[in-house]
Each structure stands twice: as structure tokens, then as C-alpha cells.
Amino acid sequence: MTFRPLHDRILVRRIDAEEKTAGGLIIPDSAKEKPAEGEIIAVGEGARKDSGELIAPAVKAGDRVLFGKWSGTEVSVDGEELLIMKESDILGIIA
């Protein structure tokens with residue numbers, strides 16, 4: 001199945017956090033938080049102004065981004081857990 005988000009929505013795959021701290025301590029699964037970093041899989045065509053003019057998205061497929069802890073809606077696409085969120089939920093692009 002192929003999936004294409006509509007309007008200013010974006011499909012994101014979470015990137016798992018590190019298993020160890022900088023000091024070498026292993027973090028158990030029960031203590032981990034959901035990662036707030038991800039890779040963009042697909043991007044909609046963009047939002048529209050009241051005049052109907054298209055506003056192109058600032059992100060593209062393949063970008064690594066940071067987003068809010070509670071951002072997006074979890075969905076399953078081809079058996080993979082992904083997030084759909086609005087472009088405004090993205091805090092920034094990781095260079």
C-alpha cells in the first residue's frame with residue numbers, strides 16, 4: 001500500500017533513542033520515553049491560504065526532524081507504526 005498525506009500533513013517514522021546514557025548506563029525499556037525525533041516518510045502538497053494559494057511545505061521526505069512529545073496520531077501503514085502530524089507540530093529540522 002502507498003500512502004500520501006493530504007494538505008499540510010506529514011508521515012513520520014520515529015527514530016529510537018539510544019539504549020545507553022553518555023556514562024554507559026543501560027536504560028531499561030520501562031524507563032524510556034517515546035522518542036521525539038523522526039524521519040519524514042511522506043509530505044502532503046501543503047496548506048492553502050484563504051485566497052486558495054498553495055503554501056509549500058518547508059520539509060521534505062528524508063529530513064530528520066524534532067517534534068513535540070504528544071504530537072501526531074499513531075497509525076499503522078503496511079504493519080509499521082508511524083505518526084501523522086501537521087507541519088506546525090514539527091519543531092525543527094536536524095541538519
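Ile94 is situated in strand S8, which spans residues 90–94. In this predicted model, the relative accessibility of Ile94 is 31%, and the residue is therefore classed as partly exposed. Together with Leu66 and Leu91, Ile94 makes up a nonpolar patch on the surface. The accessible area of Leu66, Leu91 and Ile94 together is about 270 Å².

At the level of the whole chain, the secondary structure comprises eight strands and zero helices. The order of elements from the N terminus is accordingly written β-β-β-β-β-β-β-β. The protein has 95 residues, of which 23% count as buried. Its accessible surface amounts to about 6,600 Å², and carbon and sulfur atoms account for 54% of that surface. With regard to contacts between residues at least 6 apart in sequence, 60% join residues that are at least 24 apart.

A pair of glycines illustrates the relation between sequence separation and spatial distance. Gly62 and Gly38 are separated by 24 residues in sequence, and their C-alpha atoms are 9.6 Å apart in space. Gly62 is placed in the loop that connects strand S4 (54–55) with strand S5 (64–67). With a relative accessibility of 44%, Gly62 counts as partly exposed, because this class covers values between 20% and 50%.

Asp8 was examined next. This residue belongs to the segment that precedes strand S1 (9–14). The relative accessibility of Asp8 is 16%, so the residue counts as buried, the limit for that class being under 20%. The side chain of Asp8 is joined to that of Lys86 by a polar contact of 3.3 Å. Lys86 is also among the residues touched by Asp8 when those up to four places away in sequence are left out; the others are Gly46, Ala47, Met85 and Glu87.

As regards location, Asp8 lies before strand S1, Gly62 lies in the loop between strands S4 and S5, and Ile94 lies within strand S8.

How values were computed:
Residues numbered from 1 in each chain as written. Predicted model: local features only at pLDDT ≥ 70, side-chain atom pairs only at ≥ 80, totals over all residues. Heavy atoms only, no water. Patch = residues over 30% accessible without salt bridge, like charges linked within 9 Å, V, L, I, M, F, W, Y side chains within 5 Å. Areas by Shrake-Rupley, 256 points an atom, 1.4 Å probe, with all protein chains shown as cover. Salt bridge = Lys/Arg side-chain N within 4 Å of Asp/Glu carboxyl O. Helix = DSSP H or I, 4+ residues; strand = E, 2+ residues; numbered from the N terminus. Buried < 20%, exposed > 50% of the residue type's maximum accessible area, 1.4 Å probe, protein only. Polar contact = N/O pair within 3.5 Å; in protein donor to acceptor, adjacent residues only side chain to side chain. Contact = heavy atoms within 4.5 Å.
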